[in-house]
Amino acid sequence: MSSSDLNLPQLEQILHDFWATAPSNSLHLETAEKAWDEPLLAVAAGDDPLFAQVKAAIGPFYWTPAEAFALAFPDQPASPAELRVISYALPQTQATRAQQRGERDLPAERWARSRYFGEQFNCDLRLHLAARLTEQGFPAVAPERLPGFDYRQSEQLGIASNWSERHTAFIAGLGTFGLSDGLITRRGKAVRFGSVVAKIDLPVTPRPYAEDHHAWCLWYAKGICGACVQRCPTGAITTRDGHDKNACRRYIREVTAPFTTKQYGTGATPCGLCQVRIPCEMQVPQALLSQS
Ligand code: SF4
Ligand code: SF4
């Protein structure tokens, strides 16, 4: 493949092949189940004004795509318009969602494994995509994998990272935010995200919900549902205030993470009880999808 002919189907093939064959896409169970279902992919323009809006909302420490790219390639300047942000969603498997649906206070084993082993695969996938693009002549970086990636205190939003996979996925057209802050995609909210910024000319994915960042949540769109409120064991979601990040983090740090570490030998910070047994678990709620 020459450096001028990488198109969207070929990019999707790179993503698919790694998802299908990488040994790290595994829950590390005797059943040899994959950690994730097949990914969804979307592409945002590097100069989409929403990136600057997200930065303004989160704080000056937040990276735009051009800033993340410049950190990785200081000697290869690129204008925001020359960049594309490739964003993907990794859906939880049917078996993982089914097991998690049966839990009320603590994450199921498969969920804990997907959060731990599945995120390791996600890190591999970010780096793989960036490496494949770069070696084909399209310099690319996974911002979440940059040494400077970390979490800071946002004046308006509390603890926030300097690159948000969920906000990136929203801008790329993969989904919109729900009452619990999770992103509702066409494969639902039980997903994780990754992204890569590349100097490449790819078609930008149309955003089916324009700029309405709550379009696919029943609560925001129609004032009904609130099922995720009932699913949170610590009251960290309310219809009045949405998602209380501090209460959520506290529950995960103090309860779910120690439990899964002891019970399943997995690390990381799993919970996700609010991502299943809800109308947006595995799809955009039907009533809203038909409007988009
Ligand atoms: S469960 Fe209902 S209220 Fe909660 S995010 Fe999904 S659609 Fe919105
Ligand atoms: S991740 Fe867990 S603690 Fe946080 S809001 Fe969802 S259910 Fe509640």
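**Figure 1. Right-handed crossing of helices H1 and H5.** In this predicted model, H1 passes H5 in a right-handed crossing; a crossing is right-handed if the near helix is turned clockwise from the far one by less than a right angle, and left-handed if anticlockwise. Helices (H or I, at least four residues) and strands (E, at least two) are DSSP runs, numbered from the N terminus. The axes of H1 (residues 8–21) and H5 (residues 109–135) come within 11 Å and cross at roughly 140°. Axes are lines fitted to C-alpha atoms, for helices over the stretch in contact, with angles running from 0 to 180 degrees between N-to-C directions. H1 and H5 are therefore oblique to each other (under 35 degrees is roughly parallel, over 145 roughly antiparallel, 65 to 115 roughly perpendicular, and the rest oblique).

**Figure 2. Residues at the contact of H1 with H5.** H1 contributes Ile14, Leu15 and Phe18, and H5 contributes Leu125, His128, Leu129 and Arg132. Two residues are in contact if their C-beta atoms, placed from the backbone, lie within 7 Å. The set divides into 5 nonpolar, 1 polar and 1 charged (Ala, Val, Leu, Ile, Met, Phe, Trp, Tyr, Cys and Pro count as nonpolar, Asp, Glu, Lys and Arg as charged, and the others, Gly among them, as polar).

**Figure 3. Helix H6 and its cover.** H6 is mostly covered, with 8 of its 8 residues buried. A residue is buried if 20 or more other C-beta atoms lie within 10 Å of its own, exposed if 12 or fewer, and partly exposed in between, with C-beta atoms placed from the backbone. Among the buried residues of H6 are Glu165, Arg166 and His167. Their cover includes strand E1 (40–45), helix H2 (49–58), strand E2 (83–91) and strand E8 (191–199). Just after H6, glycine 173 takes a positive phi of about 100°.

**Figure 4. Surroundings of leucine 174.** Leucine 174 lies in the loop between helix H6 (165–172) and strand E6 (175–177). Leucine 174 is buried, having 28 other C-beta atoms within 10 Å. Neighbours within four places in sequence aside, its contacts are Leu40, Ala42, Ser87, Ala89, Ala169, Leu183 and Thr185. The C-alpha atoms of leucine 174 and alanine 42 are separated by 6.4 Å, although the two residues are 132 residues apart along the chain.

**Notes.** Residues are numbered from 1 along each chain as its sequence is written, and chains are lettered from A and ligands numbered from 1 in the order in which they are written. In this predicted model, local features need pLDDT of at least 70 and side-chain atom pairs count only at pLDDT 80 or more, while totals for chains, interfaces and linings use all residues.
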